[in-house]
Amino acid sequence: MKMFWKVFKSLTQGLSVITGFLSAVGIVAASLIITEAVIVRKVLNMSTIWQTEMSVFLLIFATFVGAAFVQKNDHHLNVDFLLVYLPPKVRESFLLFGMFFTMVLSAIIAWYAYPMWWETVVEGHRSMSLWGPPLWIPYSFIPFGLTLLVLQYLVQIVDKIGQIKAGEFEESIVRAEIKDIDLDAAKSQ
């Protein structure tokens, strides 16, 4: 069982890294496509057909498929207004509850997104724009990304339970404000 868990954890985290990289590429591609669309429309005075829709699809991809990478690195926005003042074990228990709640919520949304995606596959829905791409492609980003997010949460929940049982957690948390972040140190990591 331990070997299965190691493989599962490794695959989940590896897939999260890959999708995080692809999401970053998607954001860059979307910005380049939008720039190209502005140049084509404003400088060359030509109409654009696919650029807006493609950039929206890429940003949807980055949002949903990149979520697991963000969670893997614990970079989701956290509200720790009261959490930092709680005793360590209570704080870790609240964090565990929050991860579990978010995992369940993501699983529910993914559960309902799969039939929506499958309907677009079976019925061959296409965008109503002039470009008219098949909608199954962008519709697949939601269930796939949320499923990967659920798997990433599962890995982190099991790790967090192990840490709580072993008593391996920070005794105190230092609150970090955006103004306190050293960008030069972050780049070197």
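This report covers a surface patch, a helix pair and the salt bridges of a predicted model.

## Nonpolar surface patch

Six side chains, those of Leu15, Ile18, Phe21, Leu22, Val25 and Phe144, make up a nonpolar patch on the surface. Together they have about 540 Å² of accessible area.

The main contributor is helix α1 (residues 2-43), which supplies five residues to the patch. Ile18 is one of the patch residues and lies in helix α1.

## Packing of α2 and α5

Helix α2 spans residues 51-65 and helix α5 spans residues 136-166. The two pack with their axes 8 Å apart, at an angle of about 10 degrees. Angles under 35 degrees count as roughly parallel, and α2 and α5 are therefore roughly parallel to each other.

On the α2 side, the contact involves Phe57, Ile60, Phe61, Phe64 and Val65. These meet Pro138, Phe141, Ile142, Phe144, Gly145 and Leu146 in α5. By class, the residues of this contact are 10 nonpolar, one polar and no charged. Phe144 belongs to this contact and also to the nonpolar surface patch.

## Salt bridges

Side chains of opposite charge can pair when their charged atoms come close. In the whole structure, three salt bridges are found.

One of them joins Asp159 and Lys9, whose closest N and O atoms are 2.8 Å apart. This pair links distant parts of the chain, as Asp159 is in helix α5 and Lys9 in helix α1, 150 residues apart.

Key: Residues are numbered from 1 along each chain as its sequence is written. This is a predicted model: local features need pLDDT of at least 70, side-chain atom pairs count only at pLDDT 80 or more; totals for chains, interfaces and linings use all residues. Side-chain values use heavy atoms; hydrogens and water are left out. Patches are made of residues with over 30% relative accessible area and no salt bridge: like charges are joined within 9 Å, nonpolar side chains (Val, Leu, Ile, Met, Phe, Trp, Tyr) within 5 Å. Accessible areas come from the Shrake-Rupley method with a 1.4 Å probe; for residues, only the protein chains shown count as cover. A salt bridge is a side-chain nitrogen of Lys or Arg within 4 Å of a carboxyl oxygen of Asp or Glu. Helices (H or I, at least four residues) and strands (E, at least two) are DSSP runs, numbered from the N terminus. Axes are lines fitted to C-alpha atoms, for helices over the stretch in contact, and angles run from 0 to 180 degrees between N-to-C directions. Angles under 35 degrees count as roughly parallel, over 145 as roughly antiparallel, 65 to 115 as roughly perpendicular and the rest as oblique. Contact means heavy atoms within 4.5 Å. Ala, Val, Leu, Ile, Met, Phe, Trp, Tyr, Cys and Pro count as nonpolar, Asp, Glu, Lys and Arg as charged, and the others, Gly among them, as polar.
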